[in-house]
Structures are given as structure tokens and as C-alpha cells.
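Reader: I would like to learn how to read contacts in a model. Please show me the structure, then take me through it.

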Amino acid sequence: MKKVLVFVLILAITVTAAFASGSGESADSGKKTITIGAESWEINKLFLEQAAAEFEAAHPDVDVEIVTIADQTKLANYILDWGRGTTDVDLVFLDGGIFSVEYAAKDLIYDFEKDLDFFADFPKSNFTPGSLETGFINDGQYCLPAIYEVYGISINKAMFEEAGLLDENGNPLPIKTWDEFYDAAEKLTKKDSNGTATQVGASIQFGNNLHIILGSAIYAQFGDAYAEDGITYNVDNDYIRNMIGTWQKGIQNGYISQSTFVDNAGGRNGFKAGQIAMCFEAAGRWMEAIDTIGTENLALIPIPGDFGGTVCFGCQMVIPRASENADIVCQFIKEAIYGEYVQVNAFSEYGKMSVIQKYFDEALEGTPIWNGIADSMSKARPLKEYEESQKFLNGLNQIFQGGLVSTTTTPADMVDQILDLSASIRK
Amino acid sequence: MRMLSRNHIMQNTISSRRKSKERWGRIFVLPTCIVLFVFVVYPVCYTFILAFSRYNFAFDRSMTFIGVQNFIDMFKDNQFLTALRNTLEFTLYMFVILIVLSLAIALLLFNKKKNSWFFRISIFMPIVVPASLICILFSFMLADNFGIINKFLLDIGLSRFTHNWLTDAETAKWCVIIVEVWGKVGFCTILFLSGLQNISSDLFEAAELDGAIGWKKLFYIIIPNIRETFVVVGIWAILQCLKLFVTPNVLTNGGPANSTLVMYQNIYNTAFNYFDMGYAAAQAFILTALVMIFSMLNMKIGKKEA
């Protein structure tokens with residue numbers, strides 16, 4: 001009896017193990033399976049399920065499986081897996097190149113150009129200017145952008161009209177300096193008899209993308225975000241000290257919302273709810289407000305500055321070296337991700353800009369609001385990703401969130417703190 | 001001679017049965033031992049080694065032994081010191097509020113006989129709601145520009161009381177404490193309630209006959225008789241306060257300007273955002289030491305009073 005029991009147990013374990021061990025080959029008729037890891041917003045806004053279905057229809061011998069990454073902390077686990085030469089995903093979508101730096105540093109991901117020869121039959125000229133650079137990490141094309149975004153200021157035109165900030169044609173008056181931005185925010189702020197703001201002039205993303213806010217503001221003025229050493233943010237100048245001073249004044253007087261200090265979505269949610277007039281973060285935010293504010297009341301204006309450019313960043317794709325299906329994944333990227341359906345719809349539905357020039361032009365025709373920052377977009381450049389980007393971002397968060405509300409910290413102190421922080425991290 | 005050999009056979013049979021039982025016992029215990037070794041003993045030992053090493057798993061190929069350098073660095077690191085100070089501050093406030101409030105609610109429920117099931121369920125309800133969900137709901141309610149609390153105050157003409165609840169460092173701290181206490185008070189209340197129910201009713205009657213009512217009853221009869229419950233609730237509350245993570249992480253993300261950053265969150269950031277495993281392990285040991293010190297202190301006080 002005991003022997004029978006032991007035999008049944010061993011048999012059950014063996015059968016379970018056999019079924020549990022998966023491989024790239026599907027059980028039925030030798031079909032190949034490629035697995036894609038993406039966050040839920042990427043699955044929805046980049047139409048990944050439709051892309052997978054399209055690819056499967058064109059390649060009946062391939063199955064495309066999509067797995068949801070709960071959040072970016074999952075990416076830390078990939079370092080361990082990939083370091084051991086194993087992977088349960090063949091393609092991973094990252095919420096910005098910042099997350100790929102560690103993989104590239106350990107050589108855990110393919111260089112699309114050197115290792116996979118991606119551009120041999122898909123020339124770089126297909127891409128919009130600047131977009132490919134968003135995936136250029138550690139001197140290699142370790143990432144490919146699925147879409148890219150630029151920074152700009154989304155505005156509520158109805159509030160601008162009420163504050164007398166529209167011209168005779170109904171276009172927003174230009175805001176060329178940070179002092180003008182402050183003045184506009186002041187005019188756009190409404191306070192009740194107790195001095196409580198019932199409508200706030202502006203919101204700036206002081207949370208998860210503060211380094212892009214700072215970088216884009218510097219770039220918009222100087223045409224280069226970096227100082228002479230080519231790597232440190234160019235903050236040690238009167239222009240930046242004055243800019244930080246206007247932000248500080250705006251926060252302390254209640255003209256600029258500080259909700260992004262603790263909630264990354266605080267600014268855009270306030271904008272969508274019709275309580276904030278200007279929202280300085282990823283320019284696509286205006287599209288999220290269509291339902292509540294209406295397209296006719298929305299516009300985009302460029303970041304103040306003499307040069308007039310902006311910073312772009314991409315939702316990036318990486319292929320782990322541990323994947324055995326890199327060739328099929330490249331095919332999937334070229335045909336499905338860089339196909340018309342994904343590229344046009346991600347842009348026109350969600351403001352995630354196409355990285356493929358012809359689809360970019362096609363989508364732009366359908367959404368003329370983007371023309372408000374057309375000049376900026378044409379000059380868009382990515383920022384460099386530091387090796388310790390997360391540390392840099394967290395440090396910036398502390399400096400700004402502490403300094404902007406402080407009555408004793410001056411903009412010059414904050415600039416000094418940024419320089420100290422920059423010197424302390426690995427770039 | 002025949003009897004002896006029979007006894008001998010019986011003893012042999014008993015001994016072989018016992019051995020067989022022991023063998024099966026070991027086999028049944030083995031999976032638990034393996035699980036404990038893999039998920040507790042090995043990680044603790046590995047973390048101990050890590051704590052004395054420099055190892056950033058994104059950049060370093062291997063660990064380098066650096067002695068107590070991580071521990072020295074820790075006390076020069078402003079972020080760690082802020083997290084430590086915040087953790088101790090939160091622990092102090094939350095512990096006191098949790099104990100006092102849950103005991104007060106337990107006493108109210110203990111004396112309320114009618115419809116007490118309704119109040120017991122209501123007080124226990126937050127325990128079954130996921131902590132992250134509670135925090136998301138509170139973050140919407142407390143938001144500066146569109147939060148329901150500020151909106152309500154505006155609508156009833158009390159706009160001077162509206163406030164940037166989560167983005168002002170001082171109020172953000174209290175928001176974290178209130179949300180945490182709201183989520184945990186139910187469990188402590190139930191523990192106290194069970195302690196109260198274990199006190200003999202004769203004792204209450206005798207005390208009342210002797211004139212012990214009101215505060216006297218509380219301090220001379222109730223509290224001394226639920227001392228064991230105090231120790232249990234105390235240890236549980238200390239653990240919950242020291243391992244505070246979800247609320248500051250979701251509600252304020254440790255901000256504004258690290259004003260609600262706690263040790264657990266700092267360890268998590270160091271390990272999984274900066275990938276600095278050695279330094280994170282060293283911080284984890286400090287947190288463990290704190291948990292042990294506070295728990296032992298609580299037990300000692302409980303015993304002393306007994």
C-alpha cells in the first residue's frame with residue numbers, strides 16, 4: 001500500500017513538473033510563443049492586445065502572450081533573472097529609459113543596432129527626429145521607443161478668457177518668461193473672501209518627473225540642458241535662480257498648486273476637474289481633459305524660454321539577452337508596434353506621440369491643438385539618463401518640496417543643493 | 001525463560017513502532033523545516049552577510065566585505081536619520097493613540113449590550129479593506145484641489161479651514177497617523193474586548209459593592225486584569241507602527257520633502273530603486289533591532305506591573 005502511495009506521489013510530481021516547465025515552443029504543433037511584459041496603462045494606451053492579434057494573424061506560427069507588470073519594482077527582479085540567464089519575458093516595456101540604465105550597465109539587454117542589426121531593413125530615417133535618441137543609453141541603442149512624449153503646458157482656454165489672457169483671435173497670449181508665467185498664474189487664480197483658492201493658476205510636476213521639468217525648462221532657454229561638462233544640469237546661473245524664485249513665490253502665494261508633492265497625478269487631476277488653469281507636465285495631458293473641459297476649451301503652449309525647445313522621453317522597449325526569441329520580437333516591433341494601428345491611435349486617442357514620421361504627420365493632421373507647440377516639438381531632445389537617475393530624482397524631490405515652501409531657503413540655496421546632489425551621484 | 005523472551009519481543013515491537021513513528025514524524029516535519037530554512041534562516045544569514053558588504057546588484061559584479069562601514073555611513077546619511085526620526089515619532093504617537101482609543105472603544109462596546117454586534121462589525125470593518133485601497137480613498141478625500149474634505153468645507157462656508165492636508169509637512173504626518181489608526185484600531189479593540197470579557201463578573205460586582213466605580217473601576221479593577229491583553233496588543237501595535245510602510249508610501253509617497261518617510265520605505269527604496277542591497281540590509285538590521293528592543297521593553301513593563 002505504502003509503495004503504491006509513494007509511486008502515485010512521484011508520478012503526480014513528475015507530471016506536474018512536466019506541465020509546469022514551459023518553453024518558447026507551444027504545446028501544439030511547434031508554435032513559437034513570445035511573451036511581452038508591460039504595465040496595464042501601456043497595454044491599454046499602446047493597444048498591445050490589438051497589436052498582438054494583428055501579428056498573430058499575419059504569422060500563424062507565432063503566439064503573442066502579454067503579461068501585466070504590476071509596477072516598476074518588478075523590474076528589479078528582472079535584473080536577478082536575466083543575470084542568471086533566464087527570463088519569462090521576451091520583450092519588456094519600460095516607463096522611460098531611466099529604468100534600463102541598470103540593465104545596460106550589466107549588459108543584460110541587447111543593443112538593437114550592434115547586436116540585432118535592427119535598422120538594416122528598418123532605416124533610422126523612418127523615425128521622428130529625436131525619438132530614437134530617447135532610447136540611446138550608455139552609448140548604445142539598448143532601448144527602442146514605442147511612443148514618445150514631450151513636455152509642454154496644457155491650458156484651460158475658458159479660464160484664460162475670463163482672466164483676459166486670450167488675444168482677439170481667441171488664442172492664448174504668449175508666455176515667454178517665467179515672470180510672465182507667474183503673472184498669468186496670479187491672474188488665473190481665484191480666491192474667496194477668506195483668501196482660500198477656489199481656482200489655482202498653475203500646476204508643475206514636482207513629483208515623479210521633476211528632472212524632466214527642470215531639464216526641459218533649462219533646454220527651453222539655452223537649447224542645451226547641460227553645463228560645460230556636458231553632464232551636469234545647467235542650473236548655476238541667474239536665469240534658473242530667477243525661475244526657481246518665481247516657482248517658490250507662486251507656491252507660497254497659492255498661485256501654483258503643490259499637489260504633485262505627494263500625488264503624481266494631483267496636477268493633472270486638478271486640471272481635468274477644471275480647478276487648475278495651466279498644467280506643466282507631459283503635453284498629452286490635455287487629451288485626458290477632453291471629456292470634462294471640452295476640446296474647444298483646451299490648448300497647448302510652449303515652455304517659457306528664448307530657445308523654445310522641449311524635452312522628449314519615450315516609453316521604451318528592451319529585449320533581454322536571455323530571450324531566445326529576439327528575432328521574432330524584432331519582427332513584432334517592426335510590424336505591430338511600429339504599425340499604423342498602434343502608432344496613429346496611441347497619438348490621436350491618448351496623446352502618446354508616434355515615433356514613426358509618416359504616422360506622426362498623419363495623426364497630427366487630426367489633432368491641430370498640437371500645433372500650439374509644433375516649434376518646440378521640432379526641437380525636442382531627450383535628457384541623458386544618469387546611472388543613479390532614481391537617486392537624482394529623489395534628491396531633486398526633496399530639494400524642491402522642501403525649498404519651495406520654505407521662507408528661509410533661497411533659490412540660490414536650492415541651486416547649490418542641486419549642484420551638491422549632482423556631484424554626489426554616479427552618472 | 002519463556003516469559004523473558006516474550007517480554008523481550010514485546011519491548012522490541014514497541015521500540016520498533018516508536019522508531020517508525022519517529023521516522024514518520026521527522027518526515028512530516030521536514031517540509032516545514034525546509035520552508036523555514038529557505039525562507040527564514042537562509043535569507044536572514046544572507047542579509048547579515050550583505051549588511052557588512054558593499055553590493056549594488058545593478059552595478060557591482062560581486063559583494064565586497066567592508067566591515068561596519070554601512071552602519072557608519074547610515075548615521076551620516078540625512079535621509080536615513082530623517083526616516084529613523086519619523087519612524088520613532090510615528091511609533092510614539094500611533095502607539096499611544098491606538099492603545100488609548102481602542103481601550104476606550106472596547107470599554108464602550110463592553111458596556112453596550114443592545115445592538116453591540118453592529119458596532120463591533122463597524123469597528124472591525126477597516127481591517128478587511130486592503131490598506132492600499134484605504135490610502136487611495138483617503139488621498140482622494142484629502143487632495144488639495146479636488147478633495148471632498150476641502151470641497152465640503154468650501155460648500156458649507158468654512159473655507160478658512162480648508163488646507164493642503166497632504167502637502168503640508170505637519171498635517172501630512174497627522175494624516176498618515178489618522179489613516180493608520182483608523183485602519184488598525186478595530187483589531188486592537190477586539191483584542192481588548194476579549195480581555196474584558198474574560199474578567200469575572202463577580203469581580204465587578206464585588207468592586208462595585210466596595211465603591212469602585214468610574215475611574216477607580218478602570219484603574220484598580222479593569223486595567224490590572226487585562227494586563228496580558230495589554231502586552232499582546234502592545235507588541236502587535238509596536239510591530240505595526242515600526243513596520244509602517246503602505247500608508248506613507250501610497251498616501252504621501254514619503255513626502256512632502258521626506259516628512260513622512262519611514263524606515264521600511266527607505267529600506268525598500270534603497271534596495272529596489274537604488275539596488276544598494278548591502279546598505280539596505282544594514283538598515284534592515286537596525287529596524288529589526290528596534291522592533292526587538294521595543295517589544296522586550298513592552299514585555300518587561302507588562303511583567304513588572306504583574
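Author: Start inside chain A. 17 residues of domain 1 of chain A are in contact with 20 residues of domain 2 of chain A. Two residues are in contact if their C-beta atoms, placed from the backbone, lie within 7 Å. This is a predicted model: local features need pLDDT of at least 70, side-chain atom pairs count only at pLDDT 80 or more, and totals for chains, interfaces and linings use all residues. Residues are numbered from 1 along each chain as its sequence is written, while chains are lettered from A and ligands numbered from 1 in the order in which they are written.

Reader: Which elements give two or more residues to the side of domain 1 of chain A that touches domain 2 of chain A?

Author: Helices (H or I, at least four residues) and strands (E, at least two) are DSSP runs, numbered from the N terminus. Here the elements are helix 5 and helix 16 (374-378) of chain A. Helix 16 of chain A has the largest share, three residues.

Reader: How do the residues on that side of domain 1 of chain A divide?

Author: Ala, Val, Leu, Ile, Met, Phe, Trp, Tyr, Cys and Pro count as nonpolar, Asp, Glu, Lys and Arg as charged, and the others, Gly among them, as polar. That side of domain 1 of chain A has 10 nonpolar, four polar and three charged residues.

Reader: How many residues does the contact take from chain A and chain B?

Author: Chain A gives 31 residues and chain B gives 26 residues. Helix 17 (389-403) of chain A is among the suppliers. Helix 17 of chain A gives the most to its side, with six residues.
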